[in-house]
Amino acid sequence: LIVGSVVGLIMIHGGGFVSGFAETSIRVMTDESVAWVILVCGFMGSLIGILIRTGSTHSFTTTMSRYVRSEKSALMATWVLGIFMFVDDYLNSLAVGSAMRNLTDKYKISREKLAYVVDSTAAPISVIIPFSTWGVFFAGLIVANGIAPEGQGLETYISAIPYMLYAWAAVLLVPAVATGLIPNIGLMKASELRAKTQGLMVPPDAASIEAANQSIQPREDIKPRVLMFVVPMVVLVAATLYFDKDFLVGIYITLGASAIYIIGSRMMSMNDTFNTIIDGFKMMVEPLSVLVAAFILADVNDVLGVAPYIVSLMEPILTPELLPVAIFVSMALVSFMTGSNWGVFVIILPIVTALSNNLGADITLVLGATLSASTFGSHACFYSDATVLTAQASGCTPMQHALTQFPYALIAAAISIVGFLMLAYV
């Protein structure tokens, strides 16, 4: 990520690329969206740390094990839990991965396969269910770009949901993979063979991630309570929805209420509670450093004008029928290469809107294609936020997760391409 950023900065600044790197770093670190990501992920790590320390996560896993009796049901339970965590992809990646690690280990499911299932219900579910941080963000952009009048952004977004083909394909592939209808492919096959034959669910080279995940241990003197896991998760979702889908506010309320209850009930001392909150935040330092490096690369690509350039190359050959599939393919590649999901949408939506108006294309279909491209980038990119956070929570490296997941992402992308062509021509 840093080498790519430096190459881009040399293209922009020449010999002054070091100063350019410093300026870009400051711009990224003071960006409101980046600050939001750092606080959300860090304090989500704190909340997970609290749930682990009080034995709540272990209690939840034990309760789930009464209903989960096989590898297939463990994977399907992970998928269902991910759907319930629809309010935000970060919540999904971190909470579900952390909650299901021990249970899937019991059935010798590799951490890579766990990460695939978790990631497939992160961004894809947050896109399909509009009452999420994704829905609020994109609905606002739809109004800002004149596609819908004030107050009608979410309605327009909902009308495009049937055409978000990649999100649907990614989510619905999981049961097929979990039940064996679609077999283990490529590196996923090797990962599952390692887990089944050697009992090594944590992959090689992921020791540091597993050590970070195991750095907080449950206290033996606290009686585990499953409600201590369920109630905070319900409060987190409810608070986020209540406060205009602001996930950061939801985390502050949930973490604060949990700390007050733990200290007030004398479950843990104030010292132990706040040490755990700090240790949980520290647990997220490694993935956050990767995300900051990805944001720097995305900023460099924005300055270079990658997305508008690619659209300008396609413009002469576009027709109303080809526009949705062309937008999906080109913007999926840009999102994948740059690691920018929401950022690509911000840059490209005004151009896409103008193209749709000029060509007379169906705007809801084009919106579905554009959002499908953003979802593909989040789901498949080796260093996207969802990939990095899912890998951390599941207990593998981002590259191990991305490489094992990639064949399934390509299957969903191929289904989407065929679907957009059929919708345009049929």
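R194 counts as buried, at 11% relative accessibility; buried means under 20% relative accessible area, exposed over 50%, and partly exposed in between (1.4 Å probe, protein chains only). The model is predicted: local features need pLDDT of at least 70, side-chain atom pairs count only at pLDDT 80 or more, and totals for chains, interfaces and linings use all residues. Residues are numbered from 1 along each chain as its sequence is written, and side-chain values use heavy atoms, with hydrogens and water left out.

**Salt bridges**

- The count comes to ten salt bridges, a salt bridge being a side-chain nitrogen of Lys or Arg within 4 Å of a carboxyl oxygen of Asp or Glu.
- R194 pairs with E112 in a salt bridge whose closest N and O atoms are 3.0 Å apart. The pair links distant parts of the chain, 82 residues apart, with E112 in helix α7 (residues 111–119) and R194 in helix α12 (residues 187–198). Helices (H or I, at least four residues) are DSSP runs, numbered from the N terminus.
- E112 is also buried, at 3% relative accessibility.
- Between R53 and D272 the closest N and O atoms of the salt bridge are 3.4 Å apart. R53 lies in helix α3 (residues 32–53) and D272 in helix α16 (residues 270–283), so this pair ties together parts that are 219 residues apart in sequence.
- R53 is partly exposed at 21% relative accessibility, whereas D272 is buried at 14%.
- R53 and D272 belong to a network of salt bridges with R219 and D221.
- D279 and K282 form a salt bridge at 3.5 Å, N to O. They are three residues apart in helix α16, and therefore separated by about one helical turn.
- D279 is partly exposed at 32% relative accessibility, and K282 is exposed with a relative accessible area of 53%.

**Cavities**

- The whole structure has three cavities of 30 Å³ or more. A cavity is a set of points, on a 1 Å grid over the protein atoms alone, where a 1.4 Å probe fits but cannot get out; lining residues have an atom within 4 Å of a point.
- The largest cavity holds about 70 Å³ of space, and its lining includes N301, D302, P308 and T338. Two or more lining residues come from each of α17 (285–304), α18 (306–314), α19 (323–338) and α20 (342–359).
- The second largest cavity holds about 50 Å³. Among its lining residues are I48, R101, M283 and Q392. Helix α6 gives the largest share of this lining, three residues.

Key:
1 Å grid on protein atoms, 1.4 Å probe; cavity = no way out; pocket = protein on both sides within 12 Å on 5 of 7 lines; lining within 4 Å. Points joined across faces, edges and corners; volume = space filled by probe spheres on them.
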